[in-house]
Amino acid sequence: MSILSSKKFQKYFVPGIVFQSCVIAGGYGTGRELVEYFMGYGPLGGILGMSIVSMLTWSIICGVSFAFAHAFKKYDYKSFMKKLMGPGWVVFEIAYIIFILIVLAVVSASAGSILHELFGLNKWFGIIGMSVAVFLLVMNGSEMIEKVLSLWSFVLYGVYILFLVLVISRYSSVIGHNFASVPINGNWAVGGFQYAFYNLAIIIAVLYTIRHCDSEKEAFVSGLIAGVIGILPGIILFVAMCGFYPLIIEQELPVDFILTQMKMPWLRYMFQIVLFGTLIETGSGLIYSITDRIGEGYKSKGMQVPSWTTPITALILLVSTTFISSYGLINLIAKGYGTLAWVFFFVYVIPIMTLGIFKLLKRK
């Protein structure tokens with residue numbers, strides 16, 4: 001039996017892998033998101049914010065959310081939020097759709113920037129190419145998305161570890177010096193919480209993966225693991241970027257800047273191709289959460305899901321975000337994500353950690 005189809009892997013690791021795949025290309029795969037929310041606190045402050053605040057926040061809230069989804073058998077975000085908040089679920093849906101549009105726009109902008117930097121192509125080639133690939137993957141359903149995301153995550157981790165090893169072999173003294181000498185600027189915990197909060201909306205996009213779990217305990221444990229899986233590639237990238245502090249702060253594509261400085265074209269092409277594939281993963285996972293929610297709405301009314309809902313929904317979302325992406329990668333991450341962080345703190349973090357835990361305990 002292959003590892004991808006083993007029951008334990010599907011229970012404990014697939015939810016985290018899908019969560020990581022959706023998080024990573026929303027901004028931190030290019031390095032821009034990590035610069036925006038962590039590098040301003042200095043190398044040491046940034047790594048503390050990521051490894052302590054963001055990771056623990058993700059793990060705990062993923063654990064509670066996954067256990068809640070399994071306990072009440074709510075695997076799409078509409079039924080999940082209705083069970084959690086009652087009529088208040090509508091507020092979450094509005095925020096979630098805005099979140100989806102902004103993240104998909106960031107993904108589109110990243111895809112365009114990657115092909116432009118690598119091959120000098122017009123950014124629209126990357127945007128349109130990514131959109132077509134996402135559309136085709138979404139049309140193949142959740143099982144195919146899970147398999148593709150799981151397989152690609154092994155590739156991603158391999159390339160990221162190789163990248164870190166090569167950067168450290170060349171810049172270890174600079175990285176060490178920056179960690180030791182650059183003072184911590186400001187309150188790094190704020191950056192860690194802000195980064196964690198807006199990404200928590202991704203949890204809603206991966207609820208369908210919890211169907212593999214057989215108990216609430218298994219779902220909770222898979223959530224704890226998801227937080228770790230989600231943040232590790234980011235820590236790898238951040239450590240590497242610290243070798244180029246403070247120049248790295250001004251770069252639109254920080255990781256590509258590092259790869260260019262290293263003068264290793266083969267590594268640059270390999271890394272960016274893997275990242276481009278990850279952008280496709282993120283887009284697919286997020287759009288599937290919307291099409292799944294629509295499908296479950298029809299099923300809850302005893303109606304057959306029309307065959308046109310998935311392609312039309314995917315097409316509308318991809319076309320809409322294509323135009324939003326013209327706003328620019330840096331502006332989308334700095335302004336769009338910053339606002340959403342506190343929105344999701346109120347419409348998701350507080351409800352799941354109060355009402356969610358209360359309803360779980362009451363059920364027991």
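Contact here means heavy atoms within 4.5 Å. The model is predicted, so local features need pLDDT of at least 70 and side-chain atom pairs count only at pLDDT 80 or more, while totals for chains, interfaces and linings use all residues. Residues are numbered from 1 along each chain as its sequence is written, and side-chain values use heavy atoms, with hydrogens and water left out.

Ile202 belongs to helix α10; helices (H or I, at least four residues) and strands (E, at least two) are DSSP runs numbered from the N terminus. With a relative accessibility of 1%, Ile202 counts as buried, a class that covers values under 20% relative accessible area, with exposed over 50% and partly exposed in between (1.4 Å probe, protein chains only). Apart from neighbours within four places in sequence, Ile202 has contacts with Phe19, Cys22, Val23, Phe99 and Leu286. Cys62 is 140 residues from Ile202 along the chain, and their C-alpha atoms are separated by 9.7 Å.

## The cavity

One cavity of 30 Å³ or more turns up in a search of the whole structure. A cavity is a set of points, on a 1 Å grid over the protein atoms alone, where a 1.4 Å probe fits but cannot get out; lining residues have an atom within 4 Å of a point. Grid points are joined across faces, edges and corners, and a volume is the space filled by probe spheres set on the points. The largest cavity holds about 40 Å³ of space.

The lining of the largest cavity is made of Tyr75, Asp76, Tyr77, Ile204, Ala205, Val206, Leu207, Tyr208, Ser289 and Asp292. Helices α10 (202–205) and α13 (265–300) each contribute at least two residues to this lining. By class, the lining has seven nonpolar, one polar and two charged residues; Ala, Val, Leu, Ile, Met, Phe, Trp, Tyr, Cys and Pro count as nonpolar, Asp, Glu, Lys and Arg as charged, and the others, Gly among them, as polar.

## Aromatic pairs

There are 28 aromatic pairs in the structure. Rings of Phe, Tyr and Trp (its six-membered ring) pair if their centres lie within 6.5 Å; planes under 30 degrees apart count as stacked, over 60 as edge-to-face and the rest as tilted. One of the pairs is Phe38 with Phe238, edge-to-face at 6.5 Å centre to centre and 80 degrees between the planes. This pair links distant parts of the chain, 200 residues apart: Phe38 is in the loop between α3 (32–37) and α4 (42–72), and Phe238 is in helix α11 (residues 216–241). Both Phe38 and Phe238 are buried.

Phe244 and Phe257 have ring centres 6.3 Å apart and planes at 80 degrees, so this pair is edge-to-face. Phe244 sits in the loop between α11 and α12 (254–262) and Phe257 in helix α12, so the pair ties together parts 13 residues apart in sequence. Phe244 counts as buried at 10% relative accessibility, and Phe257 is buried with a relative accessible area of 17%.

## Aromatic cluster and a charge over a ring

One aromatic cluster is formed by Phe68, Phe72, Tyr77, Phe80, Phe92, Tyr96, Phe99, Phe344 and Tyr348. Arg363 lies over the face of Phe72, 5.8 Å from the ring centre. A charge sits over a ring if NZ of Lys or CZ of Arg is within 6 Å of the ring centre and within 35 degrees of the ring normal.

Glu218 is part of helix α11 and is buried, with a relative accessible area of 15%. Beyond four places in sequence, Glu218 is in contact with Lys11, Tyr12 and Cys213.

Tyr298 is in helix α13 and is partly exposed, at a relative accessible area of 21%. Not counting residues up to four places away in sequence, Tyr298 touches Met303, Gln304, Val305, Pro306, Trp308 and Thr309.

## Backbone exceptions

Most residues other than glycine have a negative phi, and most peptide bonds are trans. Tyr245 and Pro246 are joined by a cis peptide bond, with omega about 5 degrees; Pro246 is in the loop between α11 and α12.

Lys73, although not a glycine, has a positive phi of about 55 degrees. Lys73 lies in the loop between α4 and α5 (77–85) and counts as partly exposed at 49% relative accessibility. Lys263 is not a glycine and has a positive phi of about 55 degrees. Lys263 lies in the loop between α12 and α13 and is exposed, with a relative accessible area of 67%.

Definitions and conventions:
1 Å grid on protein atoms, 1.4 Å probe; cavity = no way out; pocket = protein on both sides within 12 Å on 5 of 7 lines; lining within 4 Å.
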